[in-house]
Amino acid sequence: MNAADYGGGVSSLVPAGSRRRFPLRRHRLLPGLLVVLTALAGCIPSPRAPRRGWTPPIETPERFRQCLAALRAEGAQVEALADRRFDNGCSATSAVKLVAIGIPVTNLGAVKCGAALPFVRWVRQDVPTMAQRWLGSDVVRIESFGSFACRPVNNQAGNRLSEHGRANAVDIAAFRLRDGRRISVRDGWNGDDQQVRGFLRALHKAACGRFSVVLGPDANALHHDHFHFDMGSGPYCR
Ligand SMILES: [Zn+2]
């Protein structure tokens, strides 16, 4: 098992977070209040500090086996990854590599099984349904910004660990259609094409029924170009 299995082809300790998609100048253009809210938010919104009484699900080999079986029952080909824990608090435990889940997803590394299961259902059930309904085409590739990334929320020192640091999150940026179109969250969410807007909103909404936390462009400026899904403490859907 090499580092690439965890970080989606990028060194596992410097993946998605270090390839920031958020040019700093955007922030300087925003009103002061929004800048403050954004700084607090990161990939997980500040209102979503772990709920009192919420604890992460206990991971046992038995539960991992059940989760793997559930993934395979969904038709997913997955590879179980050995648990990894890093000195800085990051970890990838009860995690899988998604080998084939119906639609190729680029740039995915390790995903905790508990997040992989709703993700596979979203990819296999929601994405094809909404693509046909709104765009009359099929999605042939999904572009992700990654899953495992050892970094604090907002990539800012001192912030708590992002769910990406636990391989418990996935970022989705764009969809390639069979008819050649490329639908990106960045261009499509507030774009002119009503069908594209409907497609993206339908997928965002469907994800809210599957994940603890779903963030998109309406959540904060950091998510102007991708959907963030995680299975940390929730629910939060924005
Ligand atoms: Zn994210």
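Which residues of α4 are buried? They are F64, C67, L68 and L71, where buried means under 20% relative accessible area, exposed means over 50% and partly exposed lies in between (1.4 Å probe, protein chains only). Keep in mind that this is a predicted model: local features need pLDDT of at least 70, side-chain atom pairs count only at pLDDT 80 or more, and totals for chains, interfaces and linings use all residues. Residues are numbered from 1 along each chain as its sequence is written, and side-chain values use heavy atoms, with hydrogens and water left out.

**Helix α4**

- Helix α4 covers residues 61-73; helices (H or I, at least four residues) and strands (E, at least two) are DSSP runs, numbered from the N terminus.
- The buried residues of α4 are F64, C67, L68 and L71, and they cover an arc of only 100° around the axis, so they sit on the same side of α4; the arc is that of the directions from the helix axis to the C-beta atoms.
- As background, an α-helix has 3.6 residues a turn, so residues three or four places apart point the same way.
- Those buried residues pack against β1 (77-80), β4 (95-100) and α5 (113-135), with contact meaning heavy atoms within 4.5 Å.
- Over on the other side of α4, R65 and A73 are exposed.
- Just after α4 comes G75, which takes a positive phi of about 95°.

**Aromatic pairs**

- Rings of Phe, Tyr and Trp (its six-membered ring) pair if their centres lie within 6.5 Å; planes under 30 degrees apart count as stacked, over 60 as edge-to-face and the rest as tilted.
- That rule gives eight aromatic pairs.
- F86 and F148 are stacked, because their ring centres are 5.8 Å apart and their planes are at 25°.
- This pair links distant parts of the chain, 62 residues apart: F86 is in the loop between β2 (84-85) and β3 (91-92), and F148 in the loop between β7 (139-146) and β8 (169-177).
- F86 is buried at 16% relative accessibility, and F148 is buried at 1%.
- F211 and F229 are stacked too, at 4.6 Å centre to centre with 20° between the planes.
- F211 lies in the loop between α7 (194-208) and β10 (213-215) and F229 in strand β11 (residues 227-230), so this pair ties together parts 18 residues apart in sequence.
- Both F211 and F229 are buried.

**Cluster and charge**

- F119, W122, F175, W189, F199, F211, F227 and F229 make up one aromatic cluster.
- The charged end of R201 sits over the ring of W189, 4.0 Å from its centre; the cut-off is NZ of Lys or CZ of Arg within 6 Å of the ring centre and within 35 degrees of the ring normal.

Terms used:
The expected span of a helix is 1.5 Å times one less than its number of residues.
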